[in-house]
Amino acid sequence: MKRTTTLNLLAAAALLLSSTTAYAVTPNPNYIKLIGKYTMLGDMEVVDDRLEVDSDDGWGIGGAIGTQISMFKFEVEIATQKNDINGVDLDNLGRQVEREAGDTTIDTLLFNAFLDIPLADGLSLYAGGGAGGAIVSFEAGDFDSDDTVFAYKFAAGLSYAFTPELGADLGYEYLATEDVELDRIDLKDVNTNNIVLALKYMF
């Protein structure tokens with residue numbers, strides 16, 4: 001009788017431990033994210049390669065809603081980023097006009113898909129990308145114009161679930177658009193390398 005009771009208690013403890021462990025490392029499938037970005041906008045070519053616009057590092061914010069199905073995550077993301085223009089290279093000869101000339105803003109709406117690979121309890125590696133649209137706004141002095149273009153990104157990083165409801169992502173993304181046609185200038189090579197931190201609520 002005593003042995004049976006002990007075995008029952010051990011079995012109950014093991015079951016409780018296993019269920020608690022699984023609960024702690026298994027996030028809920030649906031989620032919303034609050035996104036912050038450190039953005040590094042690449043140099044943009046202007047007017048048949050005669051001018052090159054140099055930009056400071058900037059910032060971005062956004063949000064996403066998504067779901068996880070097996071090892072795949074699918075989400076819709078809306079975000080914005082802004083980078084100040086600090087100089088213009090004339091004729092690509094290194095003759096810099098260094099001044100606070102204006103800024104470039106990129107507003108995006110993307111549909112993303114990621115492969116999520118478990119690494120340890122609550123920790124996983126994600127990689128994938130997205131596609132959608134972007135409004136690229138360019139302002140310099142009296143010039144202020146924007147264009148809506150196709151945009152895409154590639155991203156990879158680490159995802160961690162603190163609890164089944166709360167988690168975070170830390171990763172890198174490469175975001176780019178097709179050429180931007182403005183009123184009097186064309187921008188080429190619009191791309192940015194971003195460090196992305198996201199806080200997640202999972203339900």
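The paragraphs below go through the fold, the aromatic contacts, the cavities and a few local features of a predicted model.

Residues are numbered from 1 along each chain as its sequence is written, and side-chain values use heavy atoms, without hydrogens or water. Because the model is predicted, local features need pLDDT of at least 70 and side-chain atom pairs count only at pLDDT 80 or more, while totals for chains, interfaces and linings use all residues.

The chain has one helix and 12 strands. Helices (H or I, at least four residues) and strands (E, at least two) are DSSP runs, numbered from the N terminus. In sequence order the pattern is α-β-β-β-β-β-β-β-β-β-β-β-β. Of the 203 residues of the chain, 39% count as buried; buried means under 20% relative accessible area, exposed means over 50%, and partly exposed lies in between, with a 1.4 Å probe and protein chains only.

Aromatic contacts come next. A pair of aromatic rings is described by the distance of the centres and the angle of the planes. Rings of Phe, Tyr and Trp (its six-membered ring) pair if their centres lie within 6.5 Å; planes under 30 degrees apart are stacked, over 60 edge-to-face, and the rest tilted. A search of the whole structure finds five aromatic pairs. In one of them, the ring centres of F114 and Y126 are 5.6 Å apart and the planes stand at 80°, so the pair is edge-to-face. F114 belongs to strand β6 (residues 95-120) and Y126 to strand β7 (residues 123-140), so the contact ties together parts that are 12 residues apart in sequence. Both partners are buried: F114 has a relative accessible area of 7%, and Y126 is at 9%.

Y160 and F162 also form an edge-to-face pair, with 5.1 Å from centre to centre and 80° between the planes. Here Y160 is partly exposed, at 36% relative accessible area, and F162 is exposed, at 53%. F150, Y152 and F154 form one aromatic cluster.

Y31 has lysines placed over its ring. A charge sits over a ring if NZ of Lys or CZ of Arg is within 6 Å of the ring centre and within 35 degrees of the ring normal. K73 lies over the face of Y31 at 5.9 Å from the ring centre, and the charged end of K200 sits over the ring of Y31 at 5.4 Å from its centre.

Y31, K73 and K200 return in the lining of a cavity. On a 1 Å grid over the protein atoms alone, a cavity is a set of points where a 1.4 Å probe fits but cannot get out, and lining residues have an atom within 4 Å of a point. Grid points are joined across faces, edges and corners, and a volume is the space filled by probe spheres set on the points. Two cavities of 30 Å³ or more are found in the whole structure.

The largest cavity has a volume of about 120 Å³. Its lining has 15 residues, of which K33, Y126, K153, E173 and V196 lie nearest the centre of the cavity. At least two lining residues come from each of β1 (30-41), β5 (72-90), β8 (143-161), β9 (166-177) and β12 (191-202); β9 gives the most, with four residues. By class, this lining has seven nonpolar, one polar and seven charged residues. Ala, Val, Leu, Ile, Met, Phe, Trp, Tyr, Cys and Pro count as nonpolar, Asp, Glu, Lys and Arg as charged, and the others, Gly among them, as polar.

The second largest cavity has a volume of about 50 Å³. Its lining consists of Y31, K33, K73, E75, F114, Y126, D169 and K200, and the elements that give two or more residues to it are β1 and β5. By class, the lining of the second largest cavity has three nonpolar, no polar and five charged residues.

Strand β12 also holds T192, which is buried at 0% relative accessible area. A polar contact of 2.7 Å joins the side chains of T192 and N194. Such a contact is a pair of N or O atoms within 3.5 Å; within protein, one must be able to donate a hydrogen and the other to accept it, and residues adjacent in sequence count only if both atoms are side-chain atoms.

The last features concern the backbone. Most residues other than glycine have a negative phi. S70 has a positive phi, near 60°, and is placed in the loop between β4 (58-69) and β5; S70 counts as exposed, at 62% relative accessibility. D189, also not a glycine, has a positive phi of about 55°. D189 is in the loop between β11 (186-188) and β12 and is partly exposed, at 43% relative accessibility.

Definitions and conventions. On a 1 Å grid over the protein atoms alone, a cavity is a set of points where a 1.4 Å probe fits but cannot get out, and a pocket is an open set with protein on both sides within 12 Å along at least five of seven lines; lining residues have an atom within 4 Å of a point.
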